[in-house]
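Take a look at the model below. The text that follows walks through one of its chains, starting with confidence and ending at a chain-chain contact.

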Amino acid sequence: MIAAIGFELTHFQSMTLFALLISIAFGFLSRRRTSDRVKYIMWSLFLFLLIGVGIGWAMYPFSR
Amino acid sequence: MSEELSTDATTVTNSTSTTSAVTSVASSEHPQKSELMAIAIGVAGWLVPGLGHGLQKMWGRAVGCFLTIAVLVLLGVGMRGNVFSSEGGDAFGMLGYVADLGTGSFYFAARALETEGSDVAHAEGDYGTRFLAAAGVLNLLAALHAYEAARGRKA
């Protein structure tokens, strides 16, 4: 049903969505106050993206 | 008179020892009950993402867990990720099955929704497989967190 609709996302969009959702879940599980949660989510998302892009950049020379 | 006093003292001593015995039995039964309750909360949290926290009135965490895991599963299915079955065969298939099964009832919803099967030949399908597995592992983590919170270890 949903699979029939299908999502066409780029690698970066997929990674960003994944990082955002995992960061939200981690933020809700590990922090109690809303402000702490927001800070944690932003920081976790930033690190996810930084490390993801960093690893992608580091692997680029080996892709060809 | 002195005999009466000594009888009273014996009665008091007996009643004190009986009370302490009852207290010790109660205290040994109470942890067992709370442990059973904590296990039930953990299992509930695994079956329905967020329910373990919801039963403990941690509404923010309950809603947060439910929504993130639901969106991960929906995206995984929408991207035609592989929903592993128990007949996977190899070790990676079994690992994927265990990870997918971590979503509890959402695993069966994912199987029902993915009517056209998986398509891991494309990047979307490959990402979808990861989304589904991550949703399962995340739900197991949330269920463990709910269990620990029910035991009073952390909240």
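**Confidence first**

Within chain B, helix 1 (residues 2-47) of chain B has the lowest mean pLDDT of the elements, at 65. Helix 2 (residues 51-54) of chain B has the highest, at 95. This is a predicted model, and pLDDT is the predictor's confidence in each residue. Over residues 15-27 of chain B, pLDDT stays under 50. For that stretch the model has zero contacts beyond four places in sequence. Residues 15-27 fall inside the range of helix 1 of chain B, residues 2-47.

Now the chain as a whole. Chain B averages a pLDDT of 83. A score of at least 70 is reached by 79% of the residues. For the model, ipTM is 0.85 and pTM is 0.79.

**The fold of chain B**

What does chain B consist of? There are six helices and zero strands. Along the sequence, the pattern reads α-α-α-α-α-α. Chain B has 155 residues, and 39% of them count as buried. How far apart in sequence are the residues that touch? Take the contacts in chain B between residues at least 6 apart in sequence: 71% of these join residues at least 24 apart.

**Where chain B meets chain A**

Helix 3 of chain B also takes part in the contact with the other chain. Here 25 residues of chain B are in contact with 19 residues of chain A. Which elements of chain B give two or more residues to this side? They are helix 3 and helix 6 (123-150) of chain B. The largest share, 11 residues, comes from helix 3 of chain B. The side of chain B that touches chain A divides into 14 nonpolar, six polar and five charged residues.

Note on methods: Residues are numbered from 1 along each chain as its sequence is written. Chains are lettered from A and ligands numbered from 1 in the order in which they are written. This is a predicted model: local features need pLDDT of at least 70, side-chain atom pairs count only at pLDDT 80 or more; totals for chains, interfaces and linings use all residues. Helices (H or I, at least four residues) and strands (E, at least two) are DSSP runs, numbered from the N terminus. A residue is buried if 20 or more other C-beta atoms lie within 10 Å of its own, exposed if 12 or fewer, and partly exposed in between; C-beta atoms are placed from the backbone. Two residues are in contact if their C-beta atoms, placed from the backbone, lie within 7 Å. pLDDT is the predictor's confidence in each residue, from 0 to 100. Ala, Val, Leu, Ile, Met, Phe, Trp, Tyr, Cys and Pro count as nonpolar, Asp, Glu, Lys and Arg as charged, and the others, Gly among them, as polar.
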